[in-house]
Structure formats: C-alpha cells, structure tokens
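Open the model in your viewer and keep the selection tool at hand. The stops below tell you what to pick next and what is there.

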Number of protein chains: 2
Amino acid sequence: MHAMEEWNFPARYDNEYLPDPASPYWFRNRETMDPEQRAEAVLARLRDVMRYAYRTSEFYRRKWNGAGINPEDITSFEAFESVPVVTKAELRQSQLEHPPFGDYLCAPESEIYHVHGTSGTTGTPTAFAVGRGDWDAIANNHARVMWGMGLRPGDTVFVAAVFSLYLGSWGALAGAERLRCRAFPFGAGAPGMTARAVRWLRAFKPKGFYATPSYALRLAEVAHAEGVDPKEFEIKVMFFSGEPGASVPSVRKAIEDSFGARVVDCGTMAEMTPFMSAAATSGTPDGMLLYQDIVHHEVCDPTTYRPVPYGGEGTPVYTHLERTSQPMIRLASGDLTSWVYEENPCGRTYPKLPRGVYGRIDDMIHIRGENVYPTEIDNVLRNVEHYGGEHRVVVTRTGSMDELTVQVECAHPTTTPTALEQFEKLVGSELQATLGLRVSVETFPSNTFERTDHKARRVDDRRALV
Amino acid sequence: MHAMEEWNFPARYDNEYLPDPASPYWFRNRETMDPEQRAEAVLARLRDVMRYAYRTSEFYRRKWNGAGINPEDITSFEAFESVPVVTKAELRQSQLEHPPFGDYLCAPESEIYHVHGTSGTTGTPTAFAVGRGDWDAIANNHARVMWGMGLRPGDTVFVAAVFSLYLGSWGALAGAERLRCRAFPFGAGAPGMTARAVRWLRAFKPKGFYATPSYALRLAEVAHAEGVDPKEFEIKVMFFSGEPGASVPSVRKAIEDSFGARVVDCGTMAEMTPFMSAAATSGTPDGMLLYQDIVHHEVCDPTTYRPVPYGGEGTPVYTHLERTSQPMIRLASGDLTSWVYEENPCGRTYPKLPRGVYGRIDDMIHIRGENVYPTEIDNVLRNVEHYGGEHRVVVTRTGSMDELTVQVECAHPTTTPTALEQFEKLVGSELQATLGLRVSVETFPSNTFERTDHKARRVDDRRALV
C-alpha cells in the first residue's frame with residue numbers, strides 16, 4: 001500500500017470502503033501522517049496535475065508558456081509558488097471566447113456528468129463542468145470530511161439549500177450518499193418551503209443538517225413563528241458553507257443556541273469542489289482544517305501571491321489535486337483568512353484557518369482610512385441585546401466625506417423613544433469600539449429587512465453612484 | 001442468459017451496460033418479446049414480490065391475511081387480480097401509526113438512501129423511503145425509457161422542476177446520469193429562476209428537457225417577455241410528468257409550437273417510482289406505452305378493481321416488480337385512463353394508454369348530471385383564438401342549482417366591449433359543445449392568474465362550503 005490510502009491520479013476510490021466504525025479518521029494515514037512526508041506526495045501530485053492540464057488545455061499551455069513555466073520544472077514548492085495565479089476574470093473571459101466551458105476544460109465534453117454554475121447575480125455567470133470520475137471523487141472526499149465531522153452511515157442528513165446551479169447543496173448530498181447516510185435533499189428557495197421544512201425536520205429529527213448560515217437563522221425565525229422550538233429538531237451536527245457565518249463567533253453562537261447543535265464550518269469555493277477540503281472536525285471544532293491531500297491550500301500575500309508564514313493573514317490560493325474536468329491550479333479566491341500550524345486536538349496533521357474565511361478582499365469597505373469587514377458588523381450586532389436579527393450597511397459620500405450607516409432591526413419589547421434611543425446609542429458605541437470609526441445608526445422594527453434562503457447581501461455602497 | 005435481459009429480484013443491473021448505439025431498444029428482448037412469454041415471467045415475479053412483502057412487512061401481512069390471501073396462491077393473473085388494492089389513505093394511516101415510513105417499509109432503515117415525500121398541499125404528507133438498490137434500479141429503468149425517447153449518452157438534459165420532496169425531478173436526473181447524459185439539474189421554484197433558466201437554455205441548447213407541462217408553458221411566456229423565442233433553445237425532446245398536460249392535445253400542441261420540440265408524455269405516480277414505466281417512445285410518440293416488465297400496470301374498473309378489457313376506460317392500478325424499500329402492490333391511483341393493445345410503430349410489444357392519463361376520479365366535477373374533467377376545459381380553451389394562457393374553474397351552488405363558471409384570460413389585441421363579448425360567446429359555445437352543459441364565462445386580461453412553477457391547480461369547487 002502507498003503510504004497514503006487510495007492515492008491515485010486520476011482519482012480512483014473504492015466506493016465500498018468504509019473505515020473501522022471506531023476510528024475518528026476515514027483515512028488514518030493520510031490524515032495523521034508526518035506533514036513533511038505528505039508534502040512530498042503532494043508536490044509530486046502537483047506536477048502530475050500540471051502535466052495533465054498542460055497536455056489537455058490550451059488555457060494552461062498559453063498561460064504557463066507566457067510565464068516561461070513548464071510542469072517539469074515544478075520540483076519544489078518554491079517553484080510551484082511562482083506559478084501565476086488564475087483569476088475568476090480569466091475564467092469568465094475563457095468561457096466567453098470558448099463557450100460554454102472555456103478552454104480550461106481538460107476532459108472531453110462527453111465525460112461531463114453534471115453542469116452547474118454561478119448564479120450570475122453579481123456578474124456574468126460561470127459554467128462548471130464536473131466529470132463523471134470527478135463526481136465520484138468529490139463524493140468520496142466529502143464523505144471522508146463528513147466522517148471527520150462526526151456523521152456516520154445511517155444518519156439522516158437534511159440538505160436545506162437550493163438544488164440548482166449552486167454546488168453547495170449538491171456537494172453535501174454527494175457526500176451524504178457516499179457516506180451511506182439517509183439523504184434528505186429538501187432544498188430551499190421556493191415560497192413556503194421554509195415552513196414545510198420546519199414540519200419535516202420536526203418529524204424526522206435528522207442528525208446532520210446542511211445550509212448556509214443565513215438560512216439556518218431564517219429557519220429558526222420561521223420555526224418560532226410557527227410555534228416550534230428549533231431544538232425539537234434534535235439536530236446534532238450542522239455544517240455550513242457558502243458564507244463566512246459559521247466562523248463568525250456571534251453568528252455561530254446564535255445558531256448553536258437556537259438549535260442546540262454543534263456548528264461546523266467548511267468550504268472553499270464552488271470552482272474548487274470538493275469544496276469541503278477546508279472543514280472543522282468533531283475533535284477540532286473551531287475554524288477549518290485544511291485537508292492538504294484533497295486540495296492544496298495556500299494562504300498568500302494578495303500582491304505577490306507567495307504564501308505568508310503560519311500566523312499571518314492573506315488570501316487563499318487553491319489547487320486541485322484530483323479534478324480532471326476543470327482543474328484549478330493556483331486559483332486566487334479573493335477571500336481573506338489567516339492560517340496557523342499547531343497540534344490539533346483531533347490528531348490530524350493539517351494547518352488550520354482558526355477564524356475560518358472571514359471576508360473578501362473586495363468586500364472590505366475602505367472608509368476614512370479604516371478597513372471594515374461586513375462580518376465584523378454582523379458579529380457586533382448579534383452580541384447586542386434586543387438585536388432584531390437583520391441589518392443593512394449603507395455607505396455614502398457627501399463631498400469628500402464617507403459615511404457609514406448601519407440600519408438595524410430592534411426587537412426591544414418596549415418601543416418608547418427612550419428605549420430606541422438607548423438601543424441606537426449602544427449599537428453605535430459597540431460598533432465604534434470594534435471598527436474604530438463613528439457609525440450612524442438607524443433603528444427599524446423586526447422583520448423590516450428581507451431574509452434570505454441563500455447567502456446574505458447586506459452592503460449597499462452608494463459611493464460609486466455619486 | 002434469461003429470455004429477459006438483467007431480470008433479477010432484487011434488481012441487479014450492470015451499471016456499465018449501454019446498448020448498441022444503433023439499437024432503438026435498451027433491452028431488445030424485454031421490449032419486443034412475445035407478450036405472453038413476458039407475462040409468464042411477470043407473473044412469477046409478482047409472486048416473488050408478494051412473498052418478499054409478506055415476509056418483511058406487517059402492513060401486507062395484515063392486509064392479505066385479512067383477505068385470506070397468501071403469496072403462494074398467486075399462480076394466475078386472475079388470482080393476482082383478486083388481491084385487494086392499496087389506497088393512499090391506507091399508506092397515510094400506516095405512516096401515522098408507524099412514523100415516519102409506515103409498516104410497509106420492507107427494507108431495514110439503514111438501507112434507506114434518499115427520503116422524499118408528497119408536498120402535503122392537499123393533505124397530510126407521505127414520506128417516501130427509497131433504498132440504495134432501489135435508486136440504482138430506478139436510474140437504470142429511467143435510462144432505458146429515456147433511451148426509448150431518443151436520448152443518448154452525451155446529450156445535455158436540462159431538468160427544470162424543483163429538487164425537493166417531488167420525485168419527478170430526481171427521477172429524471174437519475175435517468176440522465178445513468179444514461180451518461182450531461183445532466184443539468186437546474187431546478188425550479190425560486191423567485192427569478194425562470195428568467196435565469198431562459199439565459200442558460202439559450203446558452204446551452206440542451207437536447208433533452210424535463211419539467212411539468214404547466215411550467216414549460218410558463219417558461220415560454222417568460223422567454224417571450226425577455227425577448228427570447230423558446231425555439232432558440234433548440235430542444236429536441238421534451239419529456240413531462242406530474243400532470244396530464246403532455247397528452248392533452250392542445251396543451252401538447254402549444255408546447256410543440258412554442259419550442260419546436262417533440263413532446264413525450266410519461267409518468268405514473270411518485271409512489272411508483274420508477275415512474276417512467278409508462279412513457280411514449282420516439283417511434284410511438286403518442287400516449288404512453290406500459291413497460292410491463294418494469295412495473296405491472298392494470299387499468300381497472302374503479303369499483304371492482306378488476307382489469308377492464310383493452311379498449312375500455314378505468315383507473316390505473318400499479319404493482320412494483322423491483323422496489324424493495326416501500327414496494328407498492330396493487331396501488332390504486334385514483335387516475336383515469338383508457339388502454340389499448342395494438343401493434344406499436346416502435347416495435348415494442350406493450351399495451352398503450354393512447355390518451356395518457358387524462359384525469360383523476362376525484363378531479364371529475366359532477367355537475368347537473370354531467371361529468372366534467374378539468375383537462376377537457378383546458379383542451380377547449382387552448383384551441384380558442386386569443387386565449388390568454390390561463391384560466392380558473394369555479395363551481396358554485398345556488399339553492400339546488402350547480403353553476404360552472406370559467407374565468408378565462410383573453411389576449412385579444414383590441415379590448416373593446418364588442419371584441420370581449422365575442423370572445424366570451426365563442427368560449428361559451430365551444431365549452432358547451434364539448435362538455436354538454438351551459439357554462440358562465442368571465443373574461444380577464446392576460447396575466448391575471450398566477451402561473452405555476454410546478455403543477456397547475458385551477459378548480460375552485462365552492463359547493464362544499466355552502
């Protein structure tokens with residue numbers, strides 16, 4: 001046996017394999033081995049993947065020839081880290097010129113098993129082609145990570161995210177199926193579905209639950225409105241991707257308190273599916289471990305795209321180790337995180353994102369010399385008593401002066417002017433303490449702002465319009 | 001080899017099998033064999049399935065013991081036809097008493113692969129447990145039927161129905177995956193999704209398309225509103241289940257005319273998945289053939305539940321030949337159809353429902369001594385010039401007098417009182433000619449009535465409230 005279980009390229013997994021029921025690990029060796037030894041195998045694999053992409057895709061040949069890079073030269077991580085990153089804009093451009101999948105489609109079109117894509121709500125949509133073998137590898141990898149979260153064969157896993165272009169729901173489903181769970185792909189998004197979800201959850205009491213963090217909070221609100229305490233669902237493990245919420249302390253706490261369940265953060269990017277390569281485990285529940293043998297994760301300086309040392313902050317850069325349809329090699333995420341390397345209580349020898357992925361470079365609001373992340377505002381508000389559950393962030397400019405206004409729902413039982421004024425003052429001072437700048441606060445009644453069945457969109461930056 | 005290809009109970013299919021590309025048949029023998037010979041094999045299988053259900057489920061033991069029936073006695077179709085039917089009310093009752101899956105769950109709970117269910121919009125929902133092996137058999141059967149429709153490996157199949165409890169979308173997806181198509185599980189139901197579907201359909205030009213008939217018509221309307229001719233999607237094969245529309249001549253014609261595609265009707269009931277056991281083929285495009293070796297279909301007298309002769313009208317009664325999780329044995333559908341046995345142009349030796357399933361016993365409106373089916377009204381209206389695309393049927397009672405009112409959208413370019421009056425008169429006389437009774441007609445502008453992303457609900461019978 002190879003030192004790493006089922007380590008092949010292209011990936012070939014034994015679909016009948018299940019670990020010893022008593023083991024916390026799906027693949028004990030791969031997860032607990034000496035990281036230096038793992039890195040050696042990963043480096044060889046990076047070269048394999050680059051060879052494959054160079055041979056099968058015009059996109060990568062053009063890009064690497066232009067940079068004077070040949071896969072055969074990738075004999076060290078230092079060499080690999082000089083490979084230019086791929087941006088989402090390049091992918092979109094490639095798809096425009098070579099519709100529908102771009103010239104980074106490496107597998108023949110006949111091998112495509114599923115088509116998915118980005119929603120296109122914030123620009124031109126991107127189409128994802130996932131190969132038949134890729135899907136199988138995704139299912140195996142997600143099952144493995146979900147095993148690490150504490151899910152086991154026979155557990156019911158309720159998937160409460162829209163089944164459409166979005167890959168989050170499909171990835172959770174594929175993992176649940178492969179793990180031999182009882183998959184309940186309920187979906188989300190259609191009118192009336194949340195109230196129906198409440199009834200089915202109460203009847204089925206699933207052990208596992210997948211959604212976006214925003215939607216879990218909305219589901220809790222709808223349950224209460226229907227007279228149901230979400231704790232009655234008796235969910236044990238709630239795992240999330242799609243947005244940073246599950247690692248934002250107050251959001252995480254709000255979900256844990258509402259459902260009485262353990263919250264697990266996971267996820268990188270749809271392009272990077274198997275996106276669960278970054279995930280918490282039942283033994284290391286905070287942040288996300290980086291399963292470096294599923295996807296190679298780097299946290300890089302956002303200008304040089306060289307890895308920052310452990311302990312530093314940067315932007316994730318991802319490389320597939322198994323995908324053969326649209327392999328991403330040094331995909332720049334545009335997200336923000338920090339990483340550490342320390343002993344993990346669960347025994348896995350992986351680096352960790354202790355605070356998850358907490359923002360995006362382009363989500364950062366530059367205002368009067370300060371950098372503000374929307375997740376910080378979210379975190380502050382959820383810790384304020386009588387917060388009504390939703391808010392909006394409006395950025396305006398008067399002359400050369402930027403103004404940050406937070407419109408916040410207040411659930412104070414008394415709505416006297418005094419009570420509201422006190423609430424506004426409290427919110428303002430808490431935000432100022434965290435963000436380091438003065439914020440205008442406007443109070444609204446509970447349920448003023450639309451809830452989402454998917455990902456939250458709260459920032460309205462009106463400066464560009466002025 | 002058995003005279004019938006891959007004929008096993010429990011079902012075991014070779015997931016790598018594909019027919020000769022030139023063959024119109026997936027399983028040539030099973031589809032074209034002497035029907036007497038097939039019936040012999042089916043009879044033996046009915047006994048196998050009954051033995052299995054008797055052994056593994058309290059529900060069937062109780063039911064058959066009460067009727068003095070033992071699986072060993074099923075040595076003729078006559079004996080089988082005396083087995084009491086299962087009603088949906090019995091299934092609901094069983095689930096109430098033995099939550100969540102009822103005591104007709106025959107496989108161990110650990111074998112459950114997927115949970116789905118009825119929406120519960122018209123009563124208590126029913127939960128479906130589909131076993132791992134069942135799912136595999138469903139995928140193989142649907143792939144086989146879709147091959148018969150003219151779909152082939154590599155074709156893109158766009159699934160435009162909600163992925164949730166509803167099994168129609170999942171069944172179409174499982175078939176497309178097994179057929180080695182390129183599955184595009186787009187879904188439906190969330191706000192804004194229809195306009196997005198228009199853009200993706202135009203970009204991808206899928207060969208196959210699955211939806212409910214109502215949703216296909218809505219999609220065409222939305223496309224036109226977006227300035228897109230649905231013919232630009234270049235869809236070749238549109239297959240439908242969930243409602244009778246695809247066999248209602250004017251609905252079928254409206255879809256064919258809008259999309260320039262071939263319309264294929266299929267489907268029995270969610271409980272009966274693999275529901276595609278009744279389906280048209282590319283060679284026999286009208287009505288639905290009954291793949292008697294996938295599901296045993298009977299068309300029965302709705303009081304005696306004995307089969308009516310070919311040529312007669314009755315209600316479908318279905319029996320699974322492969323399901324091991326929740327096998328249905330003589331499930332009474334409550335639907336209405338007629339069946340024939342004749343030589344099929346495609347060469348398959350199956351009986352046929354020449355007009356598909358055209359109604360439900362309980363959909364039938366009894367009014368002033370006449371029986372009116374909502375699909376008949378639909379069919380008449382779609383043939384009337386300037387029909388606006390939607391309508392509602394309202395039934396009221398004044399004293400002892402029942403009144404049928406059809407509220408109909410009019411898309412006449414001029415809305416003068418004269419034009420509207422003429423339209424109303426025309427609708428009234430066309431409906432009277434078909435239904436045999438006087439109908440009140442009320443005209444509304446186009447887009448008055450809500451369109452559906454799922455199944456149409458048009459009848460408002462207010463008599464019970466009086």
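Select B:Tyr305. At 21% relative accessibility, this residue counts as partly exposed. The scale runs as follows: buried is under 20% relative accessible area, exposed is over 50%, and partly exposed lies in between (1.4 Å probe, protein chains only). B:Tyr305 has a positive phi of about 55°, although it is not a glycine. Look for it in the loop between strand E10 (295-300) and strand E11 (313-320) of chain B. Helices (H or I, at least four residues) and strands (E, at least two) are DSSP runs, numbered from the N terminus.

A note before moving on. This is a predicted model, where local features need pLDDT of at least 70 and side-chain atom pairs count only at pLDDT 80 or more, while totals for chains, interfaces and linings use all residues. Residues are numbered from 1 along each chain as its sequence is written, chains are lettered from A and ligands numbered from 1 in the order in which they are written, and side-chain values use heavy atoms, with hydrogens and water left out.

**Backbone stops**

Go to A:Asn447. Its phi is positive too, about 65°, and it is not a glycine. The residue sits in the loop between strand E20 (440-445) and strand E21 (459-461) of chain A. A:Asn447 is exposed, with a relative accessible area of 56%. Most residues other than glycine have a negative phi, and most peptide bonds are trans.

Now pick A:Thr273 and A:Pro274. A cis peptide bond joins them, with omega about 10°. A:Pro274 lies in the loop between strand E7 (262-265) and E8 of chain A.

Switch to chain B and select B:Pro99 and B:Pro100. Here, too, the peptide bond is cis, with omega about -5°. B:Pro100 belongs to the loop between helix H5 (88-97) and strand E1 (112-117) of chain B.

**A sheet in chain A**

Show chain A as a cartoon. Three strands form an open, antiparallel sheet in the order E8-E9-E14. At its edges are strand E8 (278-279) and strand E14 (352-353), each pairing on one side only. Two strands pair if DSSP finds at least two bridges between them. Strand E9 (residues 288-290) is joined to E14(A) by two bridges. Select A:Leu289 and find its bridge partner in E14(A), A:Lys352.

**Cysteines**

How many disulfides are there over all chains? The count is zero, taking a disulfide as a pair of cysteine sulfur atoms within 2.5 Å. Zoom to B:Cys346: the nearest cysteine sulfur, that of B:Cys266, is 15 Å away. B:Cys346 counts as buried at 9% relative accessibility. B:Cys410 is also buried, at 9%.

**Where the chains meet**

Show both chains. 36 residues of chain A are in contact with 36 residues of chain B; contact means heavy atoms within 4.5 Å. Chain A and chain B bury about 3100 Å² between them, 61% of it on carbon and sulfur atoms. Buried area is the accessible area (1.4 Å probe) that two parts lose on being put together, summed over both. In chain A, select A:Val115, A:Arg182 and A:Trp200: they lose the most area to chain B, together 19% of what that side buries.

Two salt bridges link the chains. A salt bridge needs a side-chain nitrogen of Lys or Arg within 4 Å of a carboxyl oxygen of Asp or Glu. Select A:Arg182 and B:Glu109 to see a salt bridge at 2.5 Å, N to O. Finish on E1(A), which supplies six residues, the largest share of the side of chain A that touches chain B.
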